[in-house]
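Me: I am new to this structure. Could you take me through its features one at a time?

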Amino acid sequence: LLRVAARLDGLPLALELAAARLRLFSAAQLADRLDDLLGTLDAGGPNTGAFARVTVGGHRHSTLRATVDWSYRTLPLDAAALLRQLSVFAGSVDLATVEWVAGPSAVDRLAVLVDKSLMVAEPGPTKADLGYRILDPIKAFAARALVGAGEETTARDRHLAWALHTLEQMQTDVDGK
């Protein structure tokens, strides 16, 4: 159960949906199936009675996907684009990475994502730095949105360019050149 809770980043609706899934799967089976977070938790649709209903802004949601979709649709277009772009990164990213990927104006868009709890700011490798991480259920949604927007190749190419740039910087720092 700890593995499931950690994977769901403690999101209350996700935990409630996972608890309902424990009628079908053991905790270990559920944890193994969480690579497809949205599919596993939302499988069967809202009419099965096994799904939480939550009201947000007057709208009723019966699945985690519907709740995340509602939050995503309330984003400004440029903040939604940043969320999609960052969905290709594993783990957290620092501010320099966000700006490298999306330009200096990304700070305002990042602030929107953090304010709406679609990304979390957490301590980075040093106490002076923060990292920014997309919660796993949100990342799964954003990755699907990236594909749906036809931006996956561009985002993955940009991610590769960032990785190569980072490696070059590390090599330069080590060699002193």
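Me: Among contacts between residues at least 6 apart in sequence, what share joins residues at least 24 apart?

Reply: A contact means heavy atoms within 4.5 Å. In the protein chain, 57% of the contacts between residues at least 6 apart in sequence join residues at least 24 apart. This is a predicted model, where local features need pLDDT of at least 70, side-chain atom pairs count only at pLDDT 80 or more, and totals for chains, interfaces and linings use all residues. Residues are numbered from 1 along each chain as its sequence is written, and side-chain values use heavy atoms, with hydrogens and water left out.

Me: How many helices and strands are in the protein chain?

Reply: Helices (H or I, at least four residues) and strands (E, at least two) are DSSP runs, numbered from the N terminus. The protein chain has 10 helices and 5 strands.

Me: Which residues of helix α8 are buried?

Reply: Buried means under 20% relative accessible area, exposed over 50%, and partly exposed in between (1.4 Å probe, protein chains only). In α8, residues 106–115, the buried ones are Ala 106, Arg 109, Leu 110 and Leu 113. They lie on the same side of α8 because they cover an arc of only 100 degrees around the axis, the arc being that of the directions from the helix axis to the C-beta atoms. On the other side of α8, Asp 108 and Asp 115 are exposed.

Me: What covers the buried residues of α8?

Reply: The cover includes α6 (77–86), α7 (95–102), β4 (119–123) and β5 (130–134).

Me: In what order do the strands of the open sheet stand?

Reply: Strands of a sheet pair through backbone hydrogen bonds, either parallel or antiparallel. Two strands count as paired if DSSP finds at least two bridges between them. Here 3 strands form an open sheet in the order β3-β5-β4, with antiparallel pairing. β3 (93–94) and β4 are at the edges with a single partner strand each, so one side of each has no neighbour in the sheet. The antiparallel pairing of β4 and β5 runs over 5 bridges, and Glu 122 stands opposite Gly 131 in β5.

Me: Is Leu 167 buried or exposed?

Reply: Leu 167 counts as exposed because its relative accessibility is 51%. Leu 167 lies in helix α10, residues 152–175.

Me: How much of the protein chain is buried?

Reply: Buried residues make up 37% of the 177 residues in the protein chain.
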